[in-house]
Amino acid sequence: MSDDVWSAQDTTPEAIESALRRLLRERHAAQPSLAPARVLNLIVVVDRDLKGEVANRLERVGRYHASRTILCVVEEGRKTLDAVAVMRFESSPGGTLCVVHEQVQIDIGPVHLKRLDTIIDPIKVTDLTTLLWAPHGHDDAVASILHMCDVVLRDSDDDDEPSDGLAQSSELLEAAYVVDLAWLRTTPWRERLASSFDPPERRAVLRHVHDLSIRHNRTSKASAALLAGWLASRLNAQLGAFDGAAESGRHGTARIAGEQNEIRIHFEPHDQEAPGLAGVTVAWGRDSSLSLDRSPGGLRALQRGRGEEREWRILGASRGEGGILGEGVRQALLRDSTYGPALSAAREIAA
Amino acid sequence: MGAVVEQQSAQNPLVEGLERLPVRPTAMVIFGATGDLAHRKLLPALYNLAHEGFLPERFDVVGVARRDESDDYFRQLARESIERFSRRQPDPAVLDGLLANLRYVAGTFDEDRVYSQIGQVLSDFDQQAGYTLNRLFYVATAPEYFPVISSKLGAAGLARAEEAETRIVIEKPFGYDLESARSLNQQVLRVFDEPQIFRIDHYLGKETVQNLLALRFANSLFEPVWNRNYIDYVQITAAEDIGIEGRAGYYDGAGALRDLVQNHMLQLLSLLTMEPPASFEANRVRDEKFKVQSAIPPPTIDQVASMAVRAQYGPGVSQGKEVPGYREEEGVPPDSRTETFAALRLHLANWRWAGVPFYLRTGKRLARKVTEIAVTLKPVPHLAFQSKGSVGVQPNQIILTIQPDEGVSVSLGAKIPGPTVRIRPVQMEFHYGTSFVSESPEAYERLILDAMRGEATLFTRNDEIEALWGIIDPILTAWKEDTSSPIPQYPAGSAGPPEADALLQAGHHWRKL
């Protein structure tokens, strides 16, 4: 990778935007096969002390780099803007097409947060999807720029109380599309449950499920609630009351419309290194159940029923936490209509 | 492309919103499991599907080939293929998991014992699962084995399974000419029903080829001009910079026309010119393709000389290196008349396209590797601008590049900055690499998954196969019958033979490679 760099102290958004255009023009003149990526703007608002950690996470998104990343670094007491703009590209062998990504870091102070929109607006690329990520809060900055963002990236698992994290996601969902990393942690589990209950004879038993157990990392309570919320919303189930502390495992019930049986839902905190879910068990009928548990190279499936037990492995590589941020960036260009209903149900579970 | 998914979504409430849709548990049987296609494409594609979590929750593979070897041998072979050709670094745990589900059956394809052994292994898989897995037979062998494999599968009772779907994927070339394609269709259809048969052309699995449909039918910009009133001519180019790469045995019997024109290029032409289908259900799309293929009048033998050109590459310089001519390649007879270059001019006899020439050209050892479709619009009717001091106003072109840089570009006339109004063409470009963050999956990954799902839109139906051979057959016959005219030669590394220019109508020209 090669970089073209521009930097300035006490600068202005107009100067930053002008520098970006100049860098691109100069680079294109030197290397005509170069083309700027034009997929999405990513606006990140971070505390100066935690900038390194966020920068590392952004580095690890692999091929899912936003085309223009605008990193706003908030520094106590700062009154002026300093900026560094970087054009990052690979040299193209034999004149083949080469893509350039633009990264801008702007050092700002708390004084800028309330009207951050006036700083960002001139710098973002018009007409591209704009994704906002504020992992350290900065509600005033979010409120200022939300109107110009199409998508908000957040992690409902970031809050100690899942009810708080889910409530914030819900609030943001009214203003923009939300890509929730807590929701993305449930994706392989949702896919595998959908697949396991896809054969016609299995679809029928979905209405007779009586137990759902979700095992999860202690830091991923919102993910667990979202998985349960997803299943409840997809099955059109009404949720009952939920009890128990999140730390020791909540439990409650749900009832599918038109069905007599009650679904008992249990959450079981589980000690595992990776954030997210550890396993899920769905039980139906007299003695039938299917358990899916995290294992190397995919999920271990265990099916019980009619006095028999079968075990097998469902293949799939873990993306890991490094991969989940990149997946969040990719999801900003898609729309998942099932998140909203799952989120509403998850809020009831976590309340 | 969408109907199977929509149907699934309607019946399974958990499917909505998911990108990776359920695929019924499947056992895949690969005939020719130790061959080049399995080695380079199929096994790495299966690994990538496993890595991404696309494979069904239960997935087993049986490799069938002549070598008298064991399961462990096949697993080791598959491991080497995947480690060498996978588009991503294999995850050891996923790879081990996939290899653990591989079995091997040794024998020749005409032995009954082989099929009873396959049946036994499939039963073992079913027993492990507790239900019958879908079957996907993938015939990745030389074409002469297609009929025997199909008929032996039928005789062994493997062409259908109770409570499960059985499908067969047949690689190209599907037939050698119209008669052999018809005969092969008949033989396979004696055993399998048409909805069970998936004739694969991996070009159709490429993102840009599928994007042709999106470009045409998801944008109101193009459809109004997509007809004889606005389009002057169309060129489809599939140029390769490599030679025959040691495949003389196959290539000298096939030639450029069979290798690329009969399948890939005519499929591109079909997608480019077909009418909008009522839905993207497989048969609706293939109905429209078939209609447009049927609208291409096959030439008479006498017409061939004026609408088709063949040539062979001679010695030359390719990518800075001196390379031999085709007839000097190892394994090629010195008097070979097999074409390494073919160019055609076709017309479509229908309302939309009457009078528009479609120029197709393909060749080996050309100047550059590129596959593209160039649609040239008619010039503006009156020009109010001066052309002095510039190249002037050129007709608009829409270029769809399939490879190497997948994308679309539109050439427009724009004013050159300055005090006078001078015009030159500029490019408005869309590149997959700059506009999407996702990596395109390999064509084989997409197509294997579609075959497992029973989604046939990107596969060729029996009537299409015969329609396409019907167009090509008279050209093959004319070239075969002409044993005396010299075959035009073009230097390796060049743009092809000048004889191809004779196909062009006045004012038309081949695009530079």
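In this predicted model, begin with the second largest pocket by selecting β2 (34-36) of chain A, then β7 (231-239), β13 (370-377), β14 (397-403), β15 (407-415) and β16 (423-431) of chain B; each of these strands supplies at least two residues of the pocket's lining. Now highlight β16(B), which gives the most to that lining, with five residues.

How big is the space itself? The second largest pocket has a volume of about 1,200 Å³. Its lining counts 42 residues, and the ones closest to the centre are I399(B), S409(B), Q427(B), E429(B) and R511(B). Color the lining by residue type and you'll get 15 nonpolar, 18 polar and nine charged residues.

Next, hop over to helix α8 (residues 187-196) of chain A and pick out E191(A). Is E191(A) buried or exposed? E191(A) counts as buried because its relative accessible area is 10%, under the 20% cut-off. Show what surrounds E191(A): setting aside neighbours within four places in sequence, you'll find L18(B) and R20(B) in contact with it.

Last stop: helix α11 (residues 320-331) of chain A. Draw a line from its first C-alpha to its last and you get 16 Å over twelve residues, close to the 16 Å expected at 1.5 Å a residue.

Terms used: Residues are numbered from 1 along each chain as its sequence is written. Chains are lettered from A and ligands numbered from 1 in the order in which they are written. This is a predicted model: local features need pLDDT of at least 70, side-chain atom pairs count only at pLDDT 80 or more; totals for chains, interfaces and linings use all residues. Side-chain values use heavy atoms; hydrogens and water are left out. On a 1 Å grid over the protein atoms alone, a cavity is a set of points where a 1.4 Å probe fits but cannot get out, and a pocket is an open set with protein on both sides within 12 Å along at least five of seven lines; lining residues have an atom within 4 Å of a point. Grid points are joined across faces, edges and corners, and a volume is the space filled by probe spheres set on the points. Helices (H or I, at least four residues) and strands (E, at least two) are DSSP runs, numbered from the N terminus. Ala, Val, Leu, Ile, Met, Phe, Trp, Tyr, Cys and Pro count as nonpolar, Asp, Glu, Lys and Arg as charged, and the others, Gly among them, as polar. Buried means under 20% relative accessible area, exposed over 50%, partly exposed in between (1.4 Å probe, protein chains only). Contact means heavy atoms within 4.5 Å. The expected span of a helix is 1.5 Å times one less than its number of residues.
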